Amino acid sequence: MTLNTAPTATAVRQVPQAAQPKRRKGKSAYPYWFYLPAAVIYTALFLVPTVVSFFFSLTRWNLNEFTFIGLDNFVQFFQEPALIRGLTNTFIYGIVTSVLKVVLGMLLAVLLTSQIIARGYLRSVMFFPVLLSSIGVGIVFTALMDPRNGMINEGLAAIGIQGPAWLTDPAWALLSVALVDVWKGVGLATVIYIAGIVSIPQEYFEAAKMDGASSFKSFFNITLPLARPATATVIILSLIGGLRSFDLIWAMTKGGPGFTSDVIASVIYKQYQAGFYGLSTAGNVVLFLIVTAIVLPLSMFLNRKEVEQ
Amino acid sequence: MAASSKQRWAALAGGVTVLALALTGCSGGGSTANGDEKTITWLVDNAENTVAAAEKVAEDFTAANPGIKVEVETRPQGGDGDNIVKTRLSTGDMADVFNYNTGSLLQQINPEQNLQPITNESYLSNVTDSFKPVVTSGSEVYGVPFSTGMAGAVLYNKKVYEKLGLSVPKTWDEFMDNSRKIKDAGIAPIIQSYQTTWTSQLFVLGDFANVVTADPDFPADYTANKAKFATNAAAVKGFEHLEEAAKAGLFNEDFASTTYQQAQDMLINGEGAQYPILSFALNNIKVTYPDKLNDLGLFPLPGDDASKNKLTVWMPGGTYIPKSSKNMEEAKKLQAFIASKAGCDAQTAAVGAAGPYLVKDCELPSDVPDAVKDMLPYFEDAAKNSPALEFLSPVKGPALEQITVEVGSGIRSAKDGAALYDEDVKKQAKQLNLPGWN
């Protein structure tokens with residue numbers, strides 16, 4: 001590879017530059033070539049496909065050819081009967097999962113940073129579901145949530161409760177999947193919160209104790225505000241995850257029964273599966289814009305508050 | 001210095017783009033061939049029966065053609081498998097021979113561009129004339145039939161029928177009467193299995209012979225965007241029947257969470273009496289309940305008129321050769337073998353026959369299941385059957401199974417469901433650039 005000589009040449013030239021203090025400002029200590037591997041991968045796997053997909057969303061294409069049809073795909077996509085349902089469900093799913101992950105993650109983190117026995121073991125157990133494959137979790141919970149023979153309803157029946165048809169009742173299907181998503185994802189939120197809580201200096205808690213603050217008071221006045229960066233991270237991560245969630249929903253309900261638990265991603269996937277490539281590319285562009293439009297301002301808002309503190 | 005820095009950025013940007021494009025591009029795969037013994041590859045779906053039949057055919061083929069080995073590769077079933085076929089065809093990476101759908105779905109893989117025409121091959125004369133249209137695109141024929149014809153019909157438990165003194169219904173009203181009597185006896189009259197969503201479509205798809213009896217022009221008008229399910233009185237009946245049966249509470253109690261496999265268990269064990277399904281379910285039942293197979297019978301989904309009781313039939317899938325095959329001669333020999341009596345016999349030996357073959361001279365074994373025997377009179381008389389809509393029109397929407405689940409579960413009305421399906425097929429028609437849809 002001819003590239004081998006290049007870094008040395010650049011590195012050599014860097015030296016006289018470093019001698020001139022004026023030129024030093026804004027210069028990285030490393031030659032540009034060092035960026036190349038990362039840049040190539042990023043360009044090939046992210047930038048090129050993103051730009052290309054914007055173009056192909058304006059065409060009707062298959063794997064061999066394409067016809068330019070302007071904005072027809074977007075018109076068609078917004079007329080999709082399942083779209084409104086999918087959009088609403090996406091937001092419900094995103095919000096339900098992030099709220100639950102924030103609340104449960106915080107509570108679990110407080111528990112797991114306190115002096116309890118087997119703390120290390122409990123921490124690992126809590127994180128374990130995060131490591132599982134979504135499809136595997138989906139299949140297992142589909143079996144557990146079977147309305148008749150599933151372990152969950154059999155357990156409920158044992159204490160005299162008639163459990164709902166978790167995945168086949170239109171009113172419950174989406175919520176059931178969201179609950180499984182929370183079970184699977186709350187470990188990550190907990191770990192982020194643990195890191196956030198551990199980094200709060202102990203002096204605050206000690207001082208509060210001296211002043212006679214109850215543990216409730218120290219939670220609301222010390223832990224909660226000072227763990228704000230962790231909260232911001234958890235909200236953003238789980239909201240992004242929730243908005244583009246697909247794997248669990250597909251493994252558990254395939255958007256069903258009928259269209260009742262369809263989210264945008266599953267609507268798009270079904271279009272792709274049916275061979276409507278242009279249409280599904282347009283759908284992905286729309287999903288990209290929606291996620292950006294929500295997460296970008298949210299992230300700026302949460303991070304600004306953080307700086308003000 | 002400033003200029004050189006700019007140049008460096010430009011060079012970097014250029015280098016990145018070139019490398020990125022090189023990385024994004026694909027490389028084609030190679031195929032192996034060694035010496036005097038040739039190996040050809042054959043891609044089939046991974047259903048147990050398909051693989052077993054294909055392997056037996058491959059074995060018998062090698063015995064008849066020493067020096068040519070056939071390696072059977074598998075792919076997933078359904079939409080995922082279709083995508084694999086499409087991708088491998090367009091990257092020139094397809095196996096030497098492959099199985100794929102016939103009828104409207106064949107158009108999706110661009111036969112003119114991707115497949116080897118076999119119109120002039122001598123072995124094509126072995127294939128029955130009724131099969132050829134479903135593997136034809138333009139003026140060329142591309143495939144030979146693999147496996148047997150089937151029906152979209154009602155499988156019923158004959159023991160339950162005997163016990164309750166029922167006779168096979170010829171009209172929808174008789175079917176409903178029977179079902180009510182079965183319900184009174186404490187047996188689930190109609191089995192539905194919405195956990196396996198595709199099975200929900202049979203009330204609509206299997207009713208098609210009745211639609212075409214009432215309105216022979218429906219397929220042509222439908223393709224030309226002139227007839228609609230929601231507004232055609234004959235076509236909407238499939239949706240209405242589904243709704244009617246659901247409202248009358250004739251389904252098994254847990255229809256929403258029942259799977260295709262569980263439905264078959266219910267039917268065989270007499271917990272349910274009637275199951276509208278594709279007759280290839282018999283293949284599966286033969287494996288799981290060999291000794292109870294003949295408890296089952298089959299009748300067409302009934303329409304309004306007993307004298308016009310017709311069966312909706314499905315053509316089997318086809319075996320095709322991609323233009324990219326490097327072993328064209330050997331691939332054609334395999335196709336010829338599949339379209340011969342020896343090919344049928346190999347399949348029968350491996351998995352039995354769940355319907356009639358579409359290759360001339362092929363015989364069904366004497367121990368063919370009763371349900372298949374019920375099917376044969378309809379197959380033999382062209383006036384008593386009609387191919388399913390997907391073989392007569394390329395317009396087929398992907399969401400029918402979700403819609404029929406909703407209608408059958410009472411989430412959506414029949415009229416609404418039919419209208420929604422009419423919306424759904426627009427996308428397919430536009431993707432195929434059919435005249436009259438843009």
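In this predicted model, strand β7 (residues 150–157) of chain B is joined to β9(B) by 5 bridges, and the two strands run antiparallel. Strands here are DSSP runs of E with at least two residues, helices are runs of H or I with at least four, and both are numbered from the N terminus; two strands pair if DSSP finds at least two bridges between them. Within this pairing, G152(B) stands opposite L278(B) of β9(B). Strand β8 (residues 188–190) of chain B is joined to β9(B) by 2 bridges, and these strands run parallel. There, A188(B) has G272(B) as its bridge partner in β9(B). Strand β9 (residues 272–278) of chain B is itself mostly covered, with 7 of its 7 residues buried. Buried means that 20 or more other C-beta atoms, placed from the backbone, lie within 10 Å of the residue's own; 12 or fewer makes a residue exposed, and anything in between partly exposed.

Residues are numbered from 1 along each chain as its sequence is written, while chains are lettered from A and ligands numbered from 1 in the order in which they are written. Because the model is predicted, local features need pLDDT of at least 70 and side-chain atom pairs count only at pLDDT 80 or more, whereas totals for chains, interfaces and linings use all residues.

Turning to chain A, there are 15 helices and 2 strands, and 33% of its 309 residues count as buried. Helix α14 (residues 264–273) of chain A is mostly covered, with 8 of its 10 residues buried; among them are I264(A), V267(A) and Y269(A). After α14(A) comes G275(A), which has a positive phi, near 90 degrees.

The contact between the chains takes 30 residues from chain A and 33 residues from chain B, where residues are in contact if their C-beta atoms, placed from the backbone, lie within 7 Å. On the chain A side, α3 (36–56) and α14 each supply at least two residues. The largest share, 6 residues, comes from α3(A).

The largest nonpolar core has 166 residues, of which Y193(A), W42(B), F98(B), L155(B) and L334(B) touch the most other members. Such a core is a set of buried Ala, Val, Leu, Ile, Met, Phe, Trp, Tyr and Cys residues joined through C-beta atoms within 7 Å. Helix α9 (residues 173–198) of chain A gives the most to this core, with 14 residues. Beyond its neighbours within four places in sequence, W42(B) is in contact with residues including A54(B), V70(B), F98(B) and L334(B).

Notes: Contact = placed C-beta atoms within 7 Å.
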